[in-house]
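Here is a short briefing to read alongside the coordinates. Have a look at the fold first, then work through the points below.

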Amino acid sequence: SGNDCIDTSFGEYFFNKIILVKCNDKAISIGENSKVNINYADVKFSNYGLASKDNSEVSIYNFKGSNIYENCFAAYNKKDEFLGASIYYKNFECDNINFIDNLSKIEKING
């Protein structure tokens, strides 16, 4: 993809298994009040693995990222009319760092 491979807004989504390779910008981009549940995602060769922004909430249970050039996870506010975003994760395997702004959160799911 020349940009984002998966891009959501204003909805509720469930993905059982996602495998993405060579997404130019974000492999998974969740925005604008979206609520998303992902069972498994395997991302390779992308700038960002998973980005949650603008009052969106993502629960991801298994994330595997390799060759992520910028951030594995990013949670932030992009547009003025929204607040921050959330990412809740359980199993996480990725070598790169995560980005979070002061309005957002990235938290591990216990249990």
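**A quick tour of the chain**

Buried residues account for 44% of the 111 residues in the chain. Please keep in mind that this is a predicted model. The chain holds 8 strands and 0 helices, so its elements read β-β-β-β-β-β-β-β from the N terminus on.

**Overall shape and contacts**

- A compact globule of 111 residues would have a radius of gyration near 13 Å, and the 12 Å of the chain agrees with that.
- Along the principal axes, the C-alpha atoms fill a box of roughly 35 × 30 × 25 Å.
- Among contacts with a separation of 6 or more, 37% join residues 24 or more positions apart.

**Surface and charge**

- The accessible surface is about 5900 Å², and carbon and sulfur atoms contribute 44% of that area.
- Side chains in the chain include 12 positive and 15 negative ones, with the centres of the two sets 7 Å apart.

**The largest nonpolar core**

- This core has 22 residues, and Ile 28, Ile 38, Leu 50, Ile 60 and Phe 63 touch the most other members.
- Two or more residues each come from strands E2 (12-21), E3 (26-31), E4 (35-53), E5 (57-76) and E6 (86-93).
- Strand E5 gives the most to the core, with 7 residues.

**A closer look at Phe 63**

- Beyond its neighbours within four places in sequence, Phe 63 is in contact with residues including Ala 41, Val 43, Gly 49 and Leu 50.
- Other contacts of Phe 63 include Cys 72, Phe 73, Asn 91, Phe 92, Glu 93 and Cys 94.

Note on methods:
Residues are numbered from 1 along each chain as its sequence is written. This is a predicted model: local features need pLDDT of at least 70, side-chain atom pairs count only at pLDDT 80 or more; totals for chains, interfaces and linings use all residues. Side-chain values use heavy atoms; hydrogens and water are left out. Helices (H or I, at least four residues) and strands (E, at least two) are DSSP runs, numbered from the N terminus. The radius of gyration is taken over C-alpha atoms; the globule rule is 2.2 Å times the number of residues to the power 0.38. Buried means under 20% relative accessible area, exposed over 50%, partly exposed in between (1.4 Å probe, protein chains only). Contact means heavy atoms within 4.5 Å. Accessible areas come from the Shrake-Rupley method with a 1.4 Å probe; for residues, only the protein chains shown count as cover. Lys and Arg count as positive and Asp and Glu as negative; His and the chain ends are not counted. The place of a charge is taken as NZ of Lys, CZ of Arg, CG of Asp or CD of Glu. A nonpolar core is a set of buried Ala, Val, Leu, Ile, Met, Phe, Trp, Tyr and Cys residues joined through side-chain atoms within 4.5 Å.
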